[in-house]
Amino acid sequence: MNLVVDFLNNILWGYVLVYGLLAVGLFFTVRLGFIQFRHFPEYFRVVIGSRETSSDGITPLQALTISLASRVGTGNLAGVAVAIYLGGPGAIFWMWMVALVGMATAYAESTLAQLYKVRNADSQYRGGPAFYMANGVGSKAMGYAFSICLILSFGLIFSAVQSNSISEAMTQAFGVPGIVTGLVIAALAGIVIFGGIRSIAQVAEKIVPAMAGIYLLVAVFVLITNITEVPAMLALIVKSAFGFEQAAGGFTGGIMAALMNGVKRGLFSNEAGMGSAPNIAAAAVPSPHHPSSQGLVQGLGVFIDTLLICTATALMILLSGAVDYGPDGAQGMVLTQNALSEHIGGAGPIFIAVAILFFAFTSIIGNYSYSESAMEFLGLGGRTPLLILKTAAMGMVIWGAVQPVSAVFNLADASMAVMATINLVAILILSGTVKRLTADYFAQKKAGKVPLFRIKEHPGLGCGIDATIWNRDVAAERQ
């Protein structure tokens, strides 16, 4: 079993996904007319100008905060430090490039999730890659394989990984035993998760903006106190990315080390193309009432995750002078803690411990929310199957707080790699549909209209799409 898992990880993460995710991002960037650049303000407008939700689903803002809850985890703290240690300052430039093209991929997959969403037995919106694989591509087998991998990785194992990060941080900073941390986190997460997606949305809507805002404020403080060094540091990042200053700070890895580590860590962090965020994007009531509007919302999530939060971490590390590229140099979370200690003294490790607590906790509830859509697709969306999944997820939180999780983490990596590969194939097959929806959305915007999608006005797209969702008279409902 271990040989199979290692083989999948080596092939898929080492070759297929690193190049595949980047290539798909570039493909959608070109095919959609560089949407993330030409229509960048619209990514914000669809969130700021969104109306309140109906009883069918959650708001666009709630969908954004849940996806950010999942995206913004310990990878934004430790993953960035690893990228810098292994790839030098230039790795950050390639993280930026991955995020910029990833905004187009995230837009495409979440637009499709909106188009092919359904209503469950409680009349709540559910959807995601499994649904557009079955109803758009016409392959239920792809949907089943994707759903199983999603539940295994995001629904269960990643909860243990995040809990392990919280436990280690609490033990190091405050001496709290792992079992205590595990029980407390499981109890708090359980209160939220057992309330369902609406409960998760309400919590994420409050916690995620606050935690991201505070973290960015600390970063702004660091930038202001080191403002004279910032321009040179930004120049170093760009020059190192192309090998012009390979030996900067003692780093001698070269341009390929910067490229590979930046791309990998960027993809791990923003999840664009992975097929995770579309599961919650489908649960949103879009405003305007058009699939593309929710695609834009999730594209913004990639921008916030990588170009804001990961950049904040990177600059705090690089400005600290704490990076040691030698074989005994600190990396990961230790490097991030050392960097903050240089900037704010003894409060640094405590701040990072608290940041880990909130980042990882929201990742637990965000990751779980994705798995409910997968359960729905598998026909397991009833109360009893979901109760079993919720209980298992809480058990993984407790287990992860007291046990090393490296062994099962490899299995989760393999599961995520398989689901991402399947998702990339599906969205490429459906790229024509994404292009058609995008053209319709911006044509209406250009004509001065509020974009409105009604499936009966788009012959050829009707197969596999719930007409009761997309033939509503939204204008009449708003009166």
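**Close-up views of a predicted protein model**

The protein carries 25 positive and 23 negative side chains, and the centres of these two sets lie 13 Å apart; here Lys and Arg count as positive and Asp and Glu as negative, while His and the chain ends are not counted, and the place of a charge is taken as NZ of Lys, CZ of Arg, CG of Asp or CD of Glu. This is a predicted model, in which local features need pLDDT of at least 70 and side-chain atom pairs count only at pLDDT 80 or more, whereas totals for chains, interfaces and linings use all residues. Residues are numbered from 1 along each chain as its sequence is written, and side-chain values use heavy atoms, with hydrogens and water left out.

View 1. Helices (H or I, at least four residues) and strands (E, at least two) are DSSP runs, numbered from the N terminus. The C-alpha trace spans about 60 × 45 × 45 Å along the principal axes of the protein. Buried residues make up 59% of the 479 residues, where buried means under 20% relative accessible area, exposed means over 50%, and partly exposed lies in between (1.4 Å probe, protein chains only). Of the contacts with a separation of 6 or more, 82% come from residues 24 or more positions apart, a contact being heavy atoms within 4.5 Å.

**View 2. His289 lies in the loop between α13 (278–281) and α14 (291–320).** With a relative accessibility of 2%, His289 counts as buried. A polar atom of the His289 side chain lies 3.2 Å from the backbone oxygen of Ile469; a polar contact is a pair of N or O atoms within 3.5 Å, and within protein one must be able to donate a hydrogen and the other to accept it, while residues adjacent in sequence count only if both atoms are side-chain atoms. Pro288 is also found in the loop between α13 and α14, and the peptide bond that leads from Ser287 to Pro288 is cis, with omega near 5°.

View 3. Most residues other than glycine have a negative phi, and most peptide bonds are trans.

**View 4. Asn423 lies in helix α18, which runs over residues 406–429.** At 0% relative accessibility, Asn423 counts as buried. Asn423 and Ala130 are 293 residues apart in sequence, and their C-alpha atoms are 8.5 Å apart in space. When residues up to four places away in sequence are not counted, the residues that Asn423 touches include Glu109, Tyr132, Phe146 and Gly273.

**View 5. Thr111 has its place in helix α6, residues 90–115.** Thr111 counts as buried, at 0% relative accessibility. The side chain of Thr111 reaches the backbone oxygen of Tyr107 at 2.7 Å. Leaving aside neighbours within four places in sequence, Thr111 is in contact with Pro291, Ser292, Gly295 and Leu437.

**View 6. Ser159 has its place in helix α8, residues 140–174.** With a relative accessible area of 1%, Ser159 is buried. Although Ser159 and Phe361 are 202 residues apart in sequence, they are 8.8 Å apart in space, C-alpha to C-alpha. Not counting residues up to four places away in sequence, Ser159 touches Phe154, Ile364, Ala393 and Val397.

**View 7. Asn226 has its place in the loop between α10 (196–225) and α11 (230–241).** The relative accessible area of Asn226 is 13%, and Asn226 is buried. The C-alpha atoms of Asn226 and Leu319 are separated by 7.4 Å, while the two residues are 93 residues apart along the chain. With neighbours within four places in sequence left aside, Asn226 is in contact with Leu319 and His343.
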